[in-house]
Amino acid sequence: MIKAILIFNNHGKPRLSKFYEHYNEDTEQQIIRETFHLVSKRDENVCNFLEGGMLIGGSDYKLIYRHYATLYFVFCVDSSESELGILDLIQVFVETLDKCFENVCELDLIFHVDKVHNILAEMVMGGMVLETNMNEIITQVDAQNKMEKSEFFPFFSFSLSLYRRLSFSLPGRTGRHRQKNVSYCHV
Amino acid sequence: MPAPIRLRELIRTIRTARTQAEEREMIQKECAAIRSSFREEDNTYRCRNVAKLLYMHMLGYPAHFGQLECLKLIASQKFTDKRIGYLGAMLLLDERQDVHLLMTNCIKNDLNHSTQYVQGLALCTLGCMGSSEMCRDLAGEVEKLLKTSNSYLRKKAALCAVHVIRKVPELMEMFLPATKNLLSEKNHGVLHTSVVLLTEMCERSPDMLAHFRKLVPQLVRILKNLIMSGYSPEHDVSGISDPFLQVRILRLLRILGKGDDDSSEAMNDILAQVATNTETSKNVGNAILYETVLTIMDIKSESGLRVLAINILGRFLLNNDKNIRYVALTSLLKTVQTDHNAVQRHRSTIVDCLKDLDVSIKRRAMELSFALVNGNNIRGMMKELLYFLDSCDPEFKADCASGVFLAAEKYAPSKRWHIDTIMRVLTTAGSYVRDDSVPNLIQLITNSVEMHAYTVQRLYKALLDDISQQPLVQVASWCIGEYGDLLVSGQCEEEEPIQVTEDEVLDVLEGLLVSNLSTPVTRGYALTAIMKLSTRFTSVNRIKKVVSIYGSSIDVELQQRAVEYNALFKKYDHMRPALLERMPIMEKTASNGPTEIVQTNGEAEPSVVEAKHPPPVTQPTNQANDLLDLLGGNDVVPVIQTTVPTKPASAGGELLDLLGDLSLSGIPPMTAYNKNGLKIDFTFERANPNPNIAVITIHASNSTEADMTDFVFQAAVPKTFQLQLLSPSSNVVPTLNQGTVTQVIRVLNPQKQQLRMRIKLTYTHKGSAVQDLAEVNNFPPQSWQ
């Protein structure tokens, strides 16, 4: 069973945190800090498995992590999951994000946290792996997004396309200007 | 009230904050806006507000006031609202809040919704955080969805069922009929989650396990199709067809095949096939191989297959990828108990892993190395492990040190090697050894009598170098205290004896007392050592001075010791040599637990020992003095406290003695004294474990019409015996044989001479004191042979 999925950047700022077991808010933050502390100390060419810290459960739990550019993807699992299998799962997750966001980068995760949650919900449910087929996941997520869009613009579906042609470029902190086909989000 | 800002705006704003305080301010402002918006019951923007709240929750700020709002969102008709509402419920709510029960009805409605995505959301939320009450209420709905033909819902329902079973194990039977045709699905997602469901059910209940064993052929077929089918674009991951499903099936096969011959046999072929056909260049292939190896190890596979598995692990060990090496070490650790010889073949590779830079790999390699140590490779392995101990991180040192001690104890080829190894550990990792290793070490040293001089010399030299490592210092000071005379007289045979004077030794010990590096415990050891040297060295005055100084020490423990030792010098000087003489060899007791087990030719017979544990000694000392007065001058010996020896020296003879103990009634009782209405009977037992001790129980009975009060029974034996008298049951012998007074006598008869005893009786009868003396000579031969 997967106990928690955390994404944070090189400075420890959380970009996504999903716990499949309940902890209170302070404990959750402490876990994130502790995990960051353990993972950031690791060298580049060591193995991707760490024994879990004290907070999240002690000896049975392992941290399996992967480092992509500025982000750490950490899955905290217990002994019923295969370590190498989880590594592959992280890879599939990142590839799915890449497909959904078109060359995903950290900014996408920052500004579309809810979308990432939705994608994750199609992959992992209740701490167990639900679906690993990338195309299947993307199909489901797209269908649900379409439902959302149709709700907000029930009579003005033509203005949807108008909106997208006028979509702005995201300046962002890094000064990156890119026309992105951002999935509509009205929240 | 203007429309609340969008989530993206909020995020952008927060990112412009430069300090934590600024960020907190912004968030608080936004929280206030959200709260007032909630109060206005604004339906349009509720989901926007909750989304912002969830973001702030992720950053660590309190968001509990949004819980009810999540519920309102869930109850809304719009999909967008529901989506955010359910997400909020999963992040903010849990079974500890009463609020969550309000969700039950909403979820129930949504589980029957017309849109599959809404149903999916409901299943997802229930599967993540459903409490046991919710699960009980909604299990029926979940079960219904498990049978639907919609594969999207089916797979979610399967995982939801797993969660329900985890929360409410009694409901497992409910899902049994639905599992009938789960495995005939084509959709891999459903297959995957079905296998997870089956795995969960099998792990929880042995009945289910037996029931699902019949599915083994079907699983094998599915696995075969996955391997044999060519390239299939929809399930392909790096060239292998749905590796996740393969791994899951292998895991289920492992559970089903464990301990069952038929199932294991059905699986042998497919496992061999997977093991040989899978490509190992990418991580996915290795993941499958890893799972296969674990399965082969757990089920009752044929030996050829097991050898194949261990060879795969050996190949993993040589792989460059650290992850692969890590999993290989982990699995080898699991299999080393059962397939010890096969793993031994890879010993050199494992020992190489000790030198790896990666902390996780080093730890695994260390544990595995300790598991592989045996009598043959102890010298080589110990060299490597000691080298590792020198260079490893502090977090490993404690475990490594204890491991080294254990291994050395079990397999030491010679006493000298053992002591050398222990010295090496103490000097390199002295501050990390566990506390109980100091007494164990001391015991080991006392037991190796011929090595005393060598040991004390080496410890002395180590002490000269370094006094910071407390366990080393404690052991060293204890040894110097015990064997200081050997040190000074330069008797060492094993190595070049060093010239040490008494003053130098005392200098070192005094140095320990004053040093800042010594803990109070160490100081205690040092003071006691100095005291012991007073009987072994000639310069007693110096020792007296040191001891008297510490009589006013601030440390209470030290002060008490010093004061008592001072008293030893002054009032009890005659007892000092006896008290401070060499410690006897300490018997080794089982290191875990107080029970002592008698080893006879490798067999332990604890039950017999337990029954015969000697009673505690409760001999009042004034009886001894009386007897001395009474029988002084004869060839009798006063009563002496004999501490009962706890273990005989091992020999096959014990077996006979133990068997001999079982015949209690072999020795007939006898009447020792019968006069004036007082009758004293002796009954016999043999004490265990020492066969030389006869345990006699006297029974005193009174046939007159008046009680005998203040009844005292005393006994004396010839010099070659030793006698021990325990307390009587009472000192009133009731009249007319209404009861007896019993008392236990233990006689040690090492020379097996004929038992003789002189007894003295005093009591008050009818107001007058009566005294009588008698000799008992009619002991039955069995009592002293």
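Colleague: Why is Lys13(A) called partly exposed?

Modeller: The model is a predicted one, and in it Lys13(A) has a relative accessibility of 33%. Buried means under 20% and exposed means over 50%. The value for Lys13(A) is 33%, so the residue counts as partly exposed.

Colleague: What makes the pair Lys13(A) and Glu23(B) a salt bridge?

Modeller: The nitrogen and oxygen of the two side chains are 3.5 Å apart. The rule asks for a Lys or Arg side-chain nitrogen within 4 Å of a carboxyl oxygen of Asp or Glu, so Lys13(A) and Glu23(B) qualify.

Colleague: How do you know which parts this pair joins?

Modeller: Lys13(A) sits in the loop between β1 (2–9) and β2 of chain A, while Glu23(B) belongs to helix α2 (residues 20–39) of chain B, so the pair joins two chains.

Colleague: Is Glu23(B) buried or exposed, and why?

Modeller: Buried, because its relative accessible area is 8% and the limit for that label is under 20%.

Colleague: How many salt bridges are there across the interface of chain A and chain B, and how many in the structure over all chains?

Modeller: Six are found across the interface of chain A and chain B. Over all chains the structure holds 45.

Colleague: Which elements of chain A supply the side that touches chain B?

Modeller: Those giving at least two residues each include β2 (14–19), α1 (25–40), α2 (83–101), α4 (113–123) and α5 (134–152) of chain A. The most comes from α5(A), with nine residues. By residue type, that side of chain A divides into 28 nonpolar, 19 polar and 18 charged.

Colleague: What is the size of the interface, in residues and in area?

Modeller: Chain A brings 65 residues to the contact and chain B brings 72 residues. Interface size is often expressed as the accessible area lost when the parts come together. Here the area buried between chain A and chain B is about 6300 Å², and carbon and sulfur atoms give 55% of that. The count of residue pairs in polar contact between chain A and chain B, both at pLDDT 80 or more, is 16.

Colleague: What is chain A made of, and in what order?

Modeller: Chain A has six helices and seven strands. Starting at the N terminus, its elements run β-β-α-β-β-β-α-α-α-β-β-α-α. Chain A has 187 residues, of which 58% count as buried.

Colleague: And how many helices and strands does chain B have?

Modeller: Chain B has 34 helices and 13 strands. Of its 785 residues, 53% count as buried. The accessible surface of chain B is about 35600 Å², with 51% belonging to carbon and sulfur atoms.

Colleague: What makes Arg254(B) and Glu291(B) a link between distant parts of the chain?

Modeller: Their closest N and O atoms are 3.1 Å apart, in a salt bridge. Arg254(B) lies in helix α13 (residues 243–257) of chain B and Glu291(B) in helix α15 (residues 283–298) of chain B, 37 residues apart. Both Arg254(B) and Glu291(B) are buried. They also belong to a network of salt bridges that links them with Arg251(B), Lys258(B) and Asp298(B).

Colleague: Where is Gln753(B), and why is it called partly exposed?

Modeller: Gln753(B) is in the loop between β11 (741–748) and β12 (757–765) of chain B. Its relative accessibility is 34%; buried would need under 20% and exposed over 50%, so partly exposed is the label for Gln753(B). From Gln753(B) to Thr720(B) the C-alpha to C-alpha distance is 8.0 Å, and they are 33 residues apart in sequence.

Key: Residues numbered from 1 in each chain as written. Chains lettered and ligands numbered in written order. Predicted model: local features only at pLDDT ≥ 70, side-chain atom pairs only at ≥ 80, totals over all residues. Heavy atoms only, no water. Contact = heavy atoms within 4.5 Å. Buried area = accessible area lost by both parts, 1.4 Å probe. Polar contact = N/O pair within 3.5 Å; in protein donor to acceptor, adjacent residues only side chain to side chain. Helix = DSSP H or I, 4+ residues; strand = E, 2+ residues; numbered from the N terminus. Nonpolar A, V, L, I, M, F, W, Y, C, P; charged D, E, K, R; others polar. Buried < 20%, exposed > 50% of the residue type's maximum accessible area, 1.4 Å probe, protein only. Areas by Shrake-Rupley, 256 points an atom, 1.4 Å probe, with all protein chains shown as cover.
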